[in-house]
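Work through the exercises below with the sequence and the model in view, and try each task before reading its solution.

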Amino acid sequence: MSLLQAAGLWSGLLILLLVLLAFRVVANRRRHKVLFGDGGVKEVVVATRAFGNAAEYIPVGIGALILLALLGYPLWAVHAVGGTLLAGRIIHGFGLSHGRGPGPARLLGMILTLLALIGAAGALVICPLMA
């Protein structure tokens, strides 16, 4: 597997997660007959926030994966960032959708997400300094 293929794999999986979360918003809006926004319905609010939160972090992660691949970082680094980010987003989305308030799944999901992004950012900042 090439670096760009690895970045593409993780990016594709992250996009599929985002689409799944979007479908959950649509399904909740239909179930509760909400035409726009969240209608003040708790289930729609939660689904919308799970999608919105993922939409805030996933594009940055995809950008980082592509840059890591283009800069020639080791394959394991691309897989580490992609796998950690995907795991973090899945765990966080599950915790947000099935928990009541902040809970261990949301916390673990955010920790994994931020670890992936900080690791990628650190690598991207260090690379130009090493040249």
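**Exercise 1.** Is Leu 71 buried, partly exposed or exposed?

*Solution.* The model is predicted, so local features need pLDDT of at least 70 and side-chain atom pairs pLDDT 80 or more, while totals for chains, interfaces and linings use all residues. Residues are numbered from 1 along each chain as its sequence is written, and side-chain values use heavy atoms, without hydrogens and water. Begin with the location: Leu 71 sits in the loop between helix 2 and helix 3 (75-98), where helices are DSSP runs of H or I with at least four residues, numbered from the N terminus. Its relative accessible area is 45%, and therefore Leu 71 is partly exposed (buried is under 20%, exposed over 50%, partly exposed in between, with a 1.4 Å probe and protein chains only).

**Exercise 2.** Describe the surroundings of Ser 11.

*Solution.* Ser 11 belongs to helix 1 (residues 3-31), and with a relative accessible area of 8% it is buried. Next, look at its side chain, a polar atom of which lies 2.7 Å from the backbone oxygen of Ala 7. Finally, setting aside neighbours within four places in sequence, Ser 11 is in contact (heavy atoms within 4.5 Å) with Ile 62 and Leu 65.

Technical notes: Helices (H or I, at least four residues) and strands (E, at least two) are DSSP runs, numbered from the N terminus. A polar contact is a pair of N or O atoms within 3.5 Å; within protein, one must be able to donate a hydrogen and the other to accept it, and residues adjacent in sequence count only if both atoms are side-chain atoms.
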